[in-house]
Amino acid sequence: MDEKERAITPATDSGLALSRRGFLRAGAAAGAMAAGTGAALAEGTPDPLITEVQPWAQGWGDGVDATPYGLPIRFEGDVVRRNVGWLTADVISSINFTPIHALDGTITPAGCAFERHHSGAIELAKEDYRLMIHGLVDKPLVFTYADLERFPRVNRTYFLECAANTGMEWAGAQLNGAQFTHGMIHNMEYSGVTLRTLLEEAGVKPEGKWIYVEGADASSNGRSIPLEKALDDCLVAFKANGEALRKEHGYPVRLCVPGWEGNMWVKWLRRIEVTENAVESREETSKYTDTLEDGTSRKWTWVMDAKSVVTSPSPQAPIKHGKGPLVITGLAWSGRGAITAVDVSIDGGKTWTEARLAAPGQDKALTRFYLDIEWDGSEMFLQSRATDETGYVQPTKNQLREIRGENSVYHNNCIQTWWVKANGEAENVEVS
Amino acid sequence: TPVLAEGYGLGREALPEEIAAWNLDVSPDGTGLPVGSGSVEDGEYLFSDNCAVCHGEFAEGVDNWPKLAGGDGTLARKDPVKTVGSYWPYLSTLWDYAHRSMPFGNAQSLSVDETYAIVAYILYSNNLVEDDFVLSNENFLEVEMPNADGFIVDDRETTEYPIFTNRCMENCKESVEITMRAAVLDVTPEEEGGEAAAAEEA
């Protein structure tokens, strides 16, 4: 057994170490899905996991010096980022996906939070870091990393969704798993300085209407942002989920542009130029513009609209426990404010039931929802539908296609359907 | 108590040399464009040496790498081919992006004149200029980009937001039929075949 296999084999020597696929086959062959691992024992037979003293109940676990900075236990080896080779020409300007099918709650662990780079994840030390603010300002400034830590600080939790999330699904059901269809997203608690604080330090001149922001990497990822947004809720962040940003998420400093497409959240932020007009850079002309059916294209489609997805059951998270109580859960979010409701349908949108929000919706952050049902073992067409505080209701893919056609690439916030079959497996489908 | 408008006195003034080193962006009206020039002829050699391995000798693209030329009139088609010639609204963007971020893996290695020449060659590859054309900061704004008028500012507020408000709860549709299946397409990464990768490994 090699290292990888060991990392993904279930935690037992009891001979019950079937793979999920093997289990599904076995379950289907037996014509019954009711068997959990424990229930596989004949009724009335004592469970040796209880009646026999197990090694972990007898010997020692690891000492406190074993893991100065830990990784998840090896049995969670499937909860990792994944990429899709055919999506891009290379892995340097590319994307990977958060394993949202396996996560719960709302905070995304940074170690498996998705990445999108245009010239790779660069290594930039705090000592080498510089941030410049210039252009239409009273005084152009250069900050060191240490300078930034001396400004008054705020903490805010926001989702970051790639503009292209679900983009491969415009023309039809394509990738089979919530990780792949909806995993270009993460949600973190950021600590940093408001962009407003820094801009006021430099003093914006009245002619300044936009800012142009760029990163220290070769791609630069320059984007234009209207000054109103910059002064509203943008952050210059250096911590996420309590610790320094990960290298791949912009260490040591990134921009947060709450509710707006992930491309604008410039990583390794090095320069903020106050300008009179938009620069119309490559990332807001060639890319991140949305082509409509008549061949014209929308530009400056900054906001990410209300969206949701059922994360379990889903193609990567099939039902393994048979009929009876079933937790349907998922995520909802909106770039236009807080989620106020999520409805779930098990019949492909004929009827809907309002789900339970785990906590009240937060402004421009992920919201967890649950619907607890009694599954009778029949097939379902699972859907979720988010409503945000503006009254916007998440549309179907057909509603979006009627307005946009199939070529807009970005901003696909359609209702997702999972076809849950009688054997508990789920598949990404489109329904009428 | 500090007053925001008065600032915190943090940071130091940026020097002109520092701003010049980093402030490379060029805007559609030519703001930021440095003095210089380059010909299609020089651009052809430079493109061959620096760009063609990915983008092709005629900027037509190699394998999955971006096509920089072609695709005229395809934007309303099922599979539009979006290139500098068919899609990009402003020449400034091409100059700016090539100068700062290309070649891929060796960015910021092109001089000002080399960038003018390469941009001139890409225009030529898109049949937008003749082969004796010389591009400079003087004539830069005279080049007409075919799709300059092809963009509208985000209009979701009028075309979508008023429509997407229906929260039907019961009897929302008559029937539900599967119209497309991802498993039929079968392009999801997997370890052994069958289910999606994560379930496979579990």
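Okay, some housekeeping: we're looking at a predicted model, where local features need pLDDT of at least 70, side-chain atom pairs count only at pLDDT 80 or more, and totals for chains, interfaces and linings use all residues. Residues are numbered from 1 along each chain as written, chains are lettered from A and ligands numbered from 1 in written order, and side-chain values use heavy atoms, leaving out hydrogens and water.

So, chain B. You'll find eight helices and five strands there; those are DSSP runs, H or I of at least four residues for helices and E of at least two for strands, numbered from the N terminus. Along the sequence they go β-α-β-α-α-α-α-β-β-α-β-α-α.

How does the radius of gyration compare with a compact globule of 202 residues? Chain B has 24 Å, while the globule would be near 17 Å. That's over C-alpha atoms, with the globule rule being 2.2 Å times the number of residues to the power 0.38. The C-alpha atoms fill a box of roughly 65 × 65 × 45 Å along the principal axes. And 43% of chain B's residues count as buried, meaning under 20% relative accessible area with a 1.4 Å probe, protein chains only.

Now over to chain A. Four strands make an open antiparallel sheet, ordered E15-E16-E20-E19, where pairing takes at least two DSSP bridges between strands. E15 (307-312) and E19 (356-357) of chain A each have a single partner strand, so one side of each has no neighbour in the sheet. Two bridges tie E19(A) to E20 (residues 367-375) of chain A, and Arg356(A) has Tyr370(A) as its bridge partner in E20(A).

Note on methods:
Buried means under 20% relative accessible area, exposed over 50%, partly exposed in between (1.4 Å probe, protein chains only).
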